[in-house]
Amino acid sequence: MEYVITINDKKINNKWFEKCDNFLIGLKGYSLYMTNTYEKEEFEEIVKLLHLKEKKVFVKIDKLFLSHEIVELEKTLNFLSNLKIDYVIFDDMAILNLNEKYNLNLIWGSNHFVVNHKSCNVYYELGVLKSLISPEITLDEILEINTKYKGDLIVPIFGYNHMFSSKRKLLTSYYDHIGKKINNKFHTINEDRNDKMYKIYENENGTHILADFCLYDFESFKKLKTNVKYGYLDFSFFEDEEALKIFESFKKEEKLTDKRFKDGFFNTETIFKVKRK
Amino acid sequence: MKKIELLSPAGNIEKAKWALLYGSDAVYIGGQEYSLRANTNNFSLEEIKEIVNIAHNENKKIYVTCNIIFHNKDFDGFKQYITKLGEFGVDAIIVADISAINIIRKYAPSVEVHISTQQSSLNYESIKFYEKLGATRVVLGREASKEDIKLIKEKTNMEIEVFIHGAMCSALSGRCVLSNYFTNRDSNRGGCSQVCRFAFNLFDESNAKINSNVDYAFASKDLSLLKYLNELIELGVDSLKIEGRMRSNYYIASVLHVYRRNIDAFYNNNNFIYNPKDENLLLRCSNREAVPQFFDKFPKKDEQYYSGRMETTNQDFLAVVLSYNEKEKIATITQRNYFSIEDKVVVFGPTLKEYEFVIREIINSDNKNVEKANHPEEILKIPLDIKVEANFIIRKQI
């Protein structure tokens with residue numbers, strides 16, 4: 001397994017260069033869920049640095065675009081093409097449709113949709129040779145997809161899964177409604193009935209909600225490690241030193257224990273029919 | 001000028017018949033598998049065949065939703081199901097998962113493919129992509145503004161379907177799996193448990209609770225584009241869609257009655273005059289506030305609810321007409337909600353805008369006069385001066 005990791009600081013700790021070959025960077029205005037995103041100028045510097053270190057650079061462009069944003073999107077695709085970015089993870093089909101002009105290496109990563117092998121293969125036939133799995137399926141389903149998929153899978157193995165994305169400003173609206181001023185747009189929500197805390201935040205693309213736990217399942221990881229091409233680790237909300245230790249444990253295949261960690265849907269199948277016909 | 005399509009939901013065959021009766025040009029339905037409304041009755045294959053025949057006899061259309069995002073095992077039986085839909089002659093299948101497009105093209109090549117709103121298609125480039133794959137229509141995401149729709153119509157040849165009325169997600173459609181995490185129900189396979197309508201405590205970045213007598217919820221108010229009907233038609237939108245496969249017969253009939261009448265008025269008079277009274281009728285039958293959402297501006301604080309579920313109930317729906325004796329001017333009706341002698345009520349139907357009258361007399365099934373109608377489903381007779389037909393509706397005067 002190769003690892004793809006996010007960075008938390010544009011001044012990348014040299015230790016990462018020794019440990020990892022694939023880096024996922026957020027581009028401001030285009031990466032929905034990433035807590036660290038960079039303006040184009042900074043982004044360019046980071047990409048150039050990583051290329052200098054002979055690393056592969058992934059960018060996640062998972063925003064869904066309105067018609068009037070297409071002109072700007074084209075400029076951005078051109079920017080990424082000129083930068084020789086290695087991979088672009090996309091959600092909106094506009095990117096796939098426009099890619100004839102830009103010839104980027106695309107990865108299908110529609111949030112919550114990458115859950116079967118047939119769709120992955122449809123995109124493969126369209127020239128999209130990798131897919132980023134949505135973490136709402138079981139380990140067995142992932143392994144089956146991996147077997148039947150012609151391309152390479154990237155599987156999230158660590159980090160806070162995203163659950164919700166809206167174009168609306170759902171925190172600002174609430175503050176306006178109750179007549180208060182919002183200062184910081186990172187908040188948490190919970191229900192009275194339990195103590196689970198969910199991260200909710202606003203950025204230029206709207207409002208986003210993350211799971212109450214950090215995805216981690218050692219047994220699933222061990223099975224994935226020998227089967228899938230890439231494991232994706234999102235270190236948002238982790239200090240760099242802690243992230244380095246965690247990453248080291250993945251590489252050494254050492255089990256971690258932490259109350260923030262849960263196995264997500266690796267071992268739990270969702271249902272959708274609650275009534276018997 | 002091609003007349004715009006009015007497209008209505010139906011959760012079962014009875015509702016579909018109501019939708020066709022009340023002026024829907026096309027009805028979208030779900031089978032018992034592969035549809036996002038997994039927990040409504042939906043249609044058996046036999047019922048799909050039956051409603052297709054009924055609709056086609058009236059030169060109307062039936063679209064079948066297969067708009068789940070498939071997990072591997074969900075494909076079991078899908079080819080056979082699609083083949084059957086093709087044999088029945090359904091007019092289109094609405095899909096969200098790209099793999100379903102190829103399967104439909106192969107196993108039911110005469111059936112059109114419509115791209116579900118679950119894909120949240122909001123721009124002309126994504127729509128061009130689906131055009132290349134052989135889809136004939138895209139149901140736009142509900143975040144598209146008037147300007148976005150205009151650009152899409154200018155730059156693509158695709159048929160465009162726009163939601164005009166009903167509930168809407170707070171999230172981008174398809175990009176919410178709160179149900180999966182909160183209730184283990186897969187929202188993209190029809191299990192949505194509407195977590196956005198739950199009430200939450202909100203904490204700021206320092207973990208301090210935001211104190212307010214208002215809960216934190218992020219439920220969207222409903223959508224109504226009645227006010228912009230003329231603009232939607234002039235933009236060249238092909239189909240106007242009403243949300244709500246789980247809604248009642250009364251809701252479907254009432255909403256269709258308002259939109260059908262106003263669309264026809266536009267084409268008959270080349271004009272549309274927005275009447276707030278119609279908006280109030282729509283509000284009364286949905287019981288939730290409805291606003292234009294993204295169509296005319298970016299939604300802010302007034303476009304959402306903050307206290308979880310905000311439905312209010314009313315008993316506006318009083319009775320359904322079963323038959324009418326023209327000679328005696330007596331309507332036989334089946335009661336739905338309480339009414340009594342001297343109540344001012346309204347009757348409306350597919351061919352009748354509305355007629356106000358006063359309940360002068362109520363005769364029960366023992367042929368006795370009674371003062372009030374307070375037994376649901378009771379068959380009653382009432383005098384009515386205007387000719388009505390079966391399935392006309394009597395409601396309170398609003």
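Strands β8 (152-166) and β11 (206-215) of chain A each contribute at least two residues to the lining of the largest cavity, where helices (H or I, at least four residues) and strands (E, at least two) are DSSP runs numbered from the N terminus. The model is predicted, so that local features need pLDDT of at least 70 and side-chain atom pairs count only at pLDDT 80 or more, whereas totals for chains, interfaces and linings use all residues. Residues are numbered from 1 along each chain as its sequence is written, chains are lettered from A and ligands numbered from 1 in the order in which they are written, and side-chain values use heavy atoms, with hydrogens and water left out.

The largest share of this lining, 6 residues, is provided by β8(A). In total, 24 residues line the largest cavity, and A:Lys60, A:Tyr160, A:His162, A:Tyr232 and A:Asp234 lie nearest its centre. A cavity is a set of points, on a 1 Å grid over the protein atoms alone, where a 1.4 Å probe fits but cannot get out, and lining residues have an atom within 4 Å of a point. The lining comprises 12 nonpolar, 10 polar and 2 charged residues; Ala, Val, Leu, Ile, Met, Phe, Trp, Tyr, Cys and Pro count as nonpolar, Asp, Glu, Lys and Arg as charged, and the others, Gly among them, as polar. The space in the largest cavity is about 280 Å³, a volume being the space filled by probe spheres set on grid points that are joined across faces, edges and corners.

The second largest cavity has a volume of about 100 Å³. Its lining consists of 13 residues, of which B:Arg142, B:Ala144, B:Val162, B:Phe163 and B:Leu225 are the closest to its centre. By class, 11 residues of this lining are nonpolar, 1 is polar and 1 is charged. The count of cavities of 30 Å³ or more comes to 9.

Helix packing was examined next. The axes of helix α4 (residues 93-102) of chain A and helix α5 (residues 124-132) of chain B come within 7 Å and cross at roughly 75°. Axes are lines fitted to C-alpha atoms, for helices over the stretch in contact, and angles run from 0 to 180 degrees between N-to-C directions. The two helices α4(A) and α5(B) are therefore roughly perpendicular; angles of 65 to 115 degrees are classed in this way, those under 35 as roughly parallel, those over 145 as roughly antiparallel and the rest as oblique. Residues in contact (heavy atoms within 4.5 Å) include A:Met93 and A:Leu96 of α4(A) and B:Phe129 and B:Tyr130 of α5(B). This contact divides into 6 nonpolar, 2 polar and 4 charged residues.

Within chain B, the axes of helix α2 (residues 45-57) and helix α3 (residues 78-88) come within 9 Å and cross at roughly 25°, which makes α2(B) roughly parallel to α3(B). The contact is formed by B:Leu45, B:Ile48, B:Lys49 and B:Val52 of α2(B) together with B:Tyr81, B:Lys84, B:Leu85 and B:Phe88 of α3(B). It has 6 nonpolar, no polar and 2 charged residues.

Terms used:
1 Å grid on protein atoms, 1.4 Å probe; cavity = no way out; pocket = protein on both sides within 12 Å on 5 of 7 lines; lining within 4 Å.
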